[in-house]
Amino acid sequence: MKAIRLHGPDDLRCDTIPEPEIGPEDVLIRVKSVGICGSDLTYVKVGGVGLPVTAPIGLGHELSGVVDRTGSGVQDLSPGMRVVVNPMGGGNAIGNGMIDGAFAPLLRVCNARLGDSIYRIPDHLDFETAALAEPLSVALHAVNRARVDDATKAVVFGVGPIGLGIVACLRQRGCRQIVAVDMSDQRLARAQTLGASVTVNPSRENVRDVLVDTHGHGQNFGQSCVNSDVFFEVTGAAQVITNVIDFARFQARLVIVAVHAAPVEVNFQLALAKEMDILMSMAYPDEFPAVIAMLAGGEINVTAMISHRFGFEDFFEAFATARDSVTSAKVLIDFSN
């Protein structure tokens, strides 16, 4: 079969490899839809997960599909089941350094257990929407870390796929005062569709002024501040952290979701004076079931997260599109044909 594999820095190839063989505790998934993640872009740039690879690895970890075959020891899954895969369940790290990746028509899931590495989806939930369960779980975990309610005044810096998911999850939680900040007008338009009440493009507007107009202002030790309750940092730009600490109110919360590849200088004296909560949010320890329930129940409409759809035969065009942060959001690969 054909599979997309990483051979080194900027060396992504479509290889011909044998179909995966499964063991007693494994299942084989026939992939239906899979998203290109920002981490996939980073892996290709670096040539691996953290360090360049010494042997080819498969990429792709945001997927939905159908159970094709099951191992003799698998009790709770059967061929024909419509599912999404938790790539970190069962110790797999699918598409994150292990040999298997979902940019291929068939994917082996080891140590397959329903409710752990694999979740069943209802018949009415389409595969395209279901494939968003993984990035939405990242987003929901960030929202959970932020301790929001329907009165929370939130700011999301960076509305790529994860930031858009955070906007959608905030809206689902009842938040009505959501400010989205991004340099791309196209992404800001998607954020507005998903529930942002105000959008800001820093290339044209002063973010602090907009936040004062939207959320109000106050003072802390004689210093002017904005009255936003929680800030989500999803850009990876160190300056955002500096700016938030500078203008945040007393006991505001900063949730860092983006990966910062280099050390960031933090004014902890100012953060201390404001008793700020600086929280880190990574992955999705418990969020998959809640996200699937939201999608299946129609509680959240995430169509605006998807900017492009490509067939597997056009994978490299899809990958180039995903690299364009101005025009793309979530780029999906369709295996239905």
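This report covers the strands, crossovers, cores and cysteines of one predicted model.

Residues are numbered from 1 along each chain as its sequence is written, and side-chain values use heavy atoms, with hydrogens and water left out. Local features need pLDDT of at least 70, and side-chain atom pairs count only at pLDDT 80 or more, while totals for chains, interfaces and linings use all residues.

**Strands and helices**

Helices (H or I, at least four residues) and strands (E, at least two) are DSSP runs, numbered from the N terminus. Two strands pair if DSSP finds at least two bridges between them.

An open sheet of 3 strands has antiparallel pairing and the order 2-1-4. Its edges are strand 2 (11–16) and strand 4 (57–58), each pairing on one side only. Strand 1 (residues 2–8) joins strand 2 over 6 bridges, in the antiparallel sense. Arg 5 faces Arg 13 of strand 2 across the pairing, standing opposite to it. Helix 10 (residues 315–322) lies across strand 1 and strand 2. Helix 10 runs at about 155 degrees to strand 2. Such angles run from 0 to 180 degrees between N-to-C directions, with axes as lines fitted to C-alpha atoms, for helices over the stretch in contact (heavy atoms within 4.5 Å).

Asp 314 is partly exposed, with a relative accessible area of 32%. On this scale, buried means under 20% relative accessible area, exposed over 50%, and partly exposed in between (1.4 Å probe, protein chains only). Asp 314 and Val 44 are 270 residues apart in sequence, and 17 Å apart in space from C-alpha to C-alpha.

**Parallel pairs around strand 10**

Strand 10 (residues 177–181) is largely enclosed by the rest of the structure, because 4 of its 5 residues are buried. Strand 10 has these two parallel partners.

| Partner of strand 10 | Bridges | Opposite residues |
|---|---|---|
| Strand 9 (residues 153–157) | 5 bridges | Val 155 and Val 179 |
| Strand 11 (residues 198–200) | 3 bridges | Val 181 and Val 200 |

From strand 9 the chain crosses through helix 4 (residues 161–172) to strand 10, a right-handed β-α-β crossover. Strand 10, helix 5 (residues 185–194) and strand 11 also form a right-handed β-α-β unit. Right-handed means that, with the strands pointing away from the viewer, the path from the first strand over the helix to the second runs clockwise.

**Nonpolar cores**

A nonpolar core is a set of buried Ala, Val, Leu, Ile, Met, Phe, Trp, Tyr and Cys residues joined through side-chain atoms within 4.5 Å. The largest has 52 residues. Leu 136, Val 156, Ile 166, Leu 170 and Phe 232 have the most contacts inside it. Elements giving two or more residues to this core include strand 9, helix 4, strand 10 and helix 5. Helix 3 (133–146) is another such element, and helix 3 gives the most, with 8 residues. Leu 136 touches residues including Gly 165, Cys 169, Val 291 and Met 305, not counting those up to four places away in sequence. A second, separate core has 36 residues, among them Val 44, Val 53, Val 67 and Val 85.

**Cysteines**

The structure holds 0 disulfides. A disulfide is a pair of cysteine sulfur atoms within 2.5 Å. The sulfur of Cys 225 has its closest cysteine sulfur in Cys 175, 20 Å away, too far for a bond. Cys 225 is buried at 2% relative accessible area. Cys 14 is partly exposed at 37% relative accessibility.
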